[in-house]
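Good morning, and thank you for making time for this item. I will show the model first and then comment on selected contacts within and between its chains.

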Protein chains: 2
Amino acid sequence: MPVLVMKFGGTSVATLDRIRRAAKRVGVEVAKGYDVIVIVSAMSGKTNELVGWVNETSPLYDAREYDAVVSSGENVTAGLMALTLQEMDIPARSWQGWQVPVKTTSAHSAARIEDIPPQNITNKFREGMQVAVVAGFQGVSPEGRITTLGRGGSDTTAVAFAAAFDAERCDIYTDVDGVYTTDPRICDKARKMDRISFEEMLELASLGAKVLQTRSVELAMRYKVRLRVLSSFEEQSDEAGTLVCDEEDIMESNVVAGVAYSRDEAKMTLVSVADRPGIAAAIFTPLSEAGVNVDMIVQNISEEGRTDMTFSCPTDQVKRAEKALAAAKEKGDINFHDLVADTGVAKVSVVGIGMRSHTGVAAKMFKVLSQEGINIKVITTSEIKISVLIDRKYMELAVQSLHDAFELDKAG
Amino acid sequence: MPVLVMKFGGTSVATLDRIRRAAKRVGVEVAKGYDVIVIVSAMSGKTNELVGWVNETSPLYDAREYDAVVSSGENVTAGLMALTLQEMDIPARSWQGWQVPVKTTSAHSAARIEDIPPQNITNKFREGMQVAVVAGFQGVSPEGRITTLGRGGSDTTAVAFAAAFDAERCDIYTDVDGVYTTDPRICDKARKMDRISFEEMLELASLGAKVLQTRSVELAMRYKVRLRVLSSFEEQSDEAGTLVCDEEDIMESNVVAGVAYSRDEAKMTLVSVADRPGIAAAIFTPLSEAGVNVDMIVQNISEEGRTDMTFSCPTDQVKRAEKALAAAKEKGDINFHDLVADTGVAKVSVVGIGMRSHTGVAAKMFKVLSQEGINIKVITTSEIKISVLIDRKYMELAVQSLHDAFELDKAG
């Protein structure tokens, strides 16, 4: 029998009623003849409660104990979902990570799935079980301790199961009805896409369109898992939601697929750095060691042996970055006159695999922003994305103007 | 290093503050040089919440899923306790049932512990771990599924660990400061006992003095585990609480150790049953099959081939008993004129190993009740216990009078 993976996020299993509604969706797929693997998150709010208790108990907690505590929310939902399905006369049972087993690395709270031996679950399917309900977000380390995959990790669990069981599709049920050309909350012309390529989804996800965990998209791309994002709050057809798939499965598309933004960016400039070979490494190694996620990097032209180095990072990491750079200066590893942090910026990006073959996207983007009087502070580009850092107050305007200019309200 | 088992019930770990207080008690024992195994319950209220969800989802639930859901509360407390101890610089880690492993039967929701291989935990003690925090109430079946031991099962977990690790003592921290000669809420002369024998504790526990789960006392008796009941809400010395131990360890004791009561008893009488060999089996087999816990049984003298048969059972099982007996009558297995249920009764018992060698306890008990004008409806006796069924309205009076008459306010 073909296998289908269905994943329900926290809001989709927040109450017993919602679990029943999700179970009905599962029933529809079972009736079509699928062996279904259901991946569940914790009831919404539960994980935050557990994380709060851990933080209050031990601010610098042992991640192994954090994982043991925080993983319990998914176990509850898995059992309740299995019971709900049984009440509908659908043979089902729950599986915790260690029971499958979902083998992961020992990197507690940020573990990576290494292997999911399918035998145990496959044997149960052969014996007549129709649904395996698996607690998402968790696994077991080589030492036999419980691990978790990091926040949002249930998406990754779902894709990993789809890969391990060669599933026909991996359906991610969530509180939005698909992936949009941009955030509908700030642009009312935003349009739901029927299909989007893995590459575009990756850029959109990592740029702040938080529909799917980035790692889950990477994994889906690597194993060619057809990933569908759809709403658990609406009646669904086979065509509902957005299919994230290989670009070969997308017949036609716009040059630009979507406009993404990230509000919590800060721009930091090291003024008048002594320029010498290895200076970039001397700056960014201590930042990396301090856990600062540096995103964009721009180096000005060097004059008289000195240069300005600008980078962006999440706003809440500014303090950490300042501390790391001050320490490096103290040690004599780097030399700069001043460190200027600008926490009033945002990042806006246009994303599309069409850019590979179409020129002029960057020029058009800069022209649109210029016409609106928006000053660009930093620019970076990749093969399928152009990002700019601008004053945060212009963020909504920039997103709306770009969405209009690239005609994203019209299907490609 | 000697091993000490310490068990903290739900009220003793109900909040992060209480977990900290419990951890401090653990720290005191660690400082004395013990390797400590801490058994924790779920935070009070949590298990009831989970049980409620299961019942609402599936009234006739799959016990395997019930166990998977309900066991999660203990996992949370185990992790939080380990983190709290680590914050106090005490090397500790949490263990879930399957990690130890606590091997049980497959009787889900009422599993029995079959084996606790000590190697995994002992190895960690050798490596420098000072406290193993174990989630109580749970284990793992031969099929690799999570089991639970039934409500109050954490006491049994604690005693089983004490036996498996040959612990010096098993301390049960709870919300009372020991075992009393009777319930202090209805008799202000009730006295906390320093020591009580396993046999007496068993009778008191099963008679409704709900300090310890009955099975934990049975297990402690079989493996000669010294069991101490004490309060987690008071500063404690080595002499605190009540030691439940072998009767050989009790130097002197009263003939009667305590007065127990049970409020929710019903007396049922089958009027004019056709008396013949096998009639008792014909009555009590269907009751047993219907899950009715029959306690006392009395058969009147037979006259003209007919007799009255009286038994007691918990009040909430009366309906079930009536249904089972009506069905048996319908089938022609038994024949009776009437079935009279009296739900206004209570059971009062005096318990003491001294009764084995002292006569006259029953006579004295009956005389005391008679002097108070309390009519006895049913009597049963065992080697160390005499129980009577009386009108519920006299229950408090009976307990107080017996406590006085046997001078239980004075240590033996």
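This is a predicted model: local features need pLDDT of at least 70, side-chain atom pairs count only at pLDDT 80 or more; totals for chains, interfaces and linings use all residues.

Let me begin with a salt bridge between the side chains of Lys385(A) and Glu203(A), at 3.5 Å from N to O; the term denotes a side-chain nitrogen of Lys or Arg within 4 Å of a carboxyl oxygen of Asp or Glu. Lys385(A) belongs to strand β18 (residues 385–391) and Glu203(A) to helix α7 (residues 198–206) of chain A, so the pair ties together parts that are 182 residues apart in sequence. Helices (H or I, at least four residues) and strands (E, at least two) are DSSP runs, numbered from the N terminus.

Residues are numbered from 1 along each chain as its sequence is written, chains are lettered from A and ligands numbered from 1 in the order in which they are written, and side-chain values use heavy atoms, with hydrogens and water left out.

Are the two partners buried or exposed? Lys385(A) is buried, at 13% relative accessible area, and Glu203(A) is buried as well, at 16%. Buried means under 20% relative accessible area, exposed over 50%, and partly exposed in between (1.4 Å probe, protein chains only).

Two further pairs in chain A deserve mention. Lys32(A) forms a salt bridge with Glu29(A), with the closest N and O atoms 3.1 Å apart; Lys32(A) is partly exposed at 43%, whereas Glu29(A) is buried at 0%. Asp194(A) and Lys192(A) also meet in a salt bridge, at 3.7 Å from N to O. Here Asp194(A) is exposed at 55% and Lys192(A) partly exposed at 24%. Over all chains, the count comes to 50 salt bridges.

I turn now to the two chains together.

How many residues does the contact take from chain A and from chain B? It takes 36 residues from chain A and 36 residues from chain B, where contact means heavy atoms within 4.5 Å. The area buried between chain A and chain B is about 3200 Å², of which carbon and sulfur atoms give 60%; this is the accessible area (1.4 Å probe) that the two parts lose on being put together, summed over both.

Between chain A and chain B the count is two salt bridges. Glu49(A) and Lys46(B) meet in a salt bridge at 3.9 Å from N to O. Lys46(A), Glu49(A), Lys46(B) and Glu49(B) are linked in a network of salt bridges.

Finally, consider Ile250(B), in the loop between β12 (242–245) and β13 (258–274) of chain B. Ile250(B) is buried, with a relative accessible area of 14%. Leaving aside neighbours within four places in sequence, Ile250(B) is in contact with Arg195(B), Ile196(B), Ser197(B) and Cys245(B).
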